[in-house]
Amino acid sequence: GILGMEVYFPNTYVDQEDLEVHYGVSKGKHTIGLGQEKMAFASDREDINSISMTVLSNLVNNYGIDWNDIGRLEVGTETLIDKSKSTKTCLMELFKSSGNHDIEGVTTYNACYGGTGALLNTLNWMESKAWDGRYGIVIAADLAVYEKGPARATGGAGAVAMLIGPNAPLVIETNIRSTFMDNQYDFYKPNPTSEYPTVDGVLSQNTYINALVTTYAGIKTKSVNAGLPSINLADTDYYCFHSPYTKLVQKSFVRLFFEDIQAGKLVPSEILQSKIEETKGDLKNKELNKLLTKESKKLW
């Protein structure tokens, strides 16, 4: 599981209220509509390699870890500054003085999923015959920059380092998990000379929700098949979401709330039940969404 964590953000940011004024959009478009308050960005003194180095150094030093006790280091990112040399190799600079070069892992390059993939790979290593008893470290880092337009306010910059090992206070159960993979062109970077992605916002949001609903159903089924209780919002303390922007997380939670109602795990109010029947559960209906959002707040 996860023994410890460190988080690093650049100390430069843009206030989203100032960004609204700068772009001449309506007040609250970013702060209320997207749920964003501040957007971190890296200056010309930092890049993906340096912020990953910073968060790795902080983790090792703050937890008193010997550099020789690290047996795997994997980085998950979608920020690419070299088409061959990985960020992981740059981080090996920090291990030189210890003489430790026996460290597995690479940079997992994938939009949004890179950090999750790096974590799962490290857990698999620790459960395998290849594990030599040393710690694993997972770094998830990105510098998300968008060209001028509606997506720019959803950018940001930051890095997280996770120390993986046995007897952890945060245990990760690896025996039950659900995955959704699909080929969509909602977010991609076809131009190697530009740091800006090509984005289809509506498709991206729909793809996110579809993946969430599918994996939620999958992990419920697998949990029951394993003889464990069915998972639902009421019986779970916390849910952790990938967050392109804050409001999408709330929309996602509302959708899971709806799925639990449809599965008979949650009981809606008479008003909400009536609206569900009236609209035949059409989530494009604004009134239905408003009611779902309102009732889900007690769990949100």
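**Close-up views of a predicted model**

View 1. The face of α7 that is turned away from its buried side carries Glu270, Glu277 and Glu278, which are exposed (over 50% relative accessible area, whereas buried means under 20%, with a 1.4 Å probe and protein chains only). In this helix, which spans residues 270–279, the buried residues are Leu272, Lys275, Ile276 and Thr279. Seen down the axis of α7, these buried residues fall within an arc of 100° (taken from the directions from the helix axis to the C-beta atoms), so they line one face of the helix. They pack against α6 (246–262) and α8 (286–296), where contact means heavy atoms within 4.5 Å. Helices (H or I, at least four residues) and strands (E, at least two) are DSSP runs, numbered from the N terminus.

The model is predicted, and local features need pLDDT of at least 70, side-chain atom pairs count only at pLDDT 80 or more, and totals for chains, interfaces and linings use all residues. Residues are numbered from 1 along each chain as its sequence is written, and side-chain values use heavy atoms, with hydrogens and water left out.

View 2. Five strands form an open sheet in the order β1-β7-β6-β4-β5, with mixed pairing (two strands pair if DSSP finds at least two bridges between them). At its edges are β1 (2–8) and β5 (107–109), each of which pairs on one side only. Within the sheet, β6 (residues 135–144) and β7 (residues 156–164) pair in the antiparallel sense over nine bridges, and Ile137 stands opposite Leu163 in β7.
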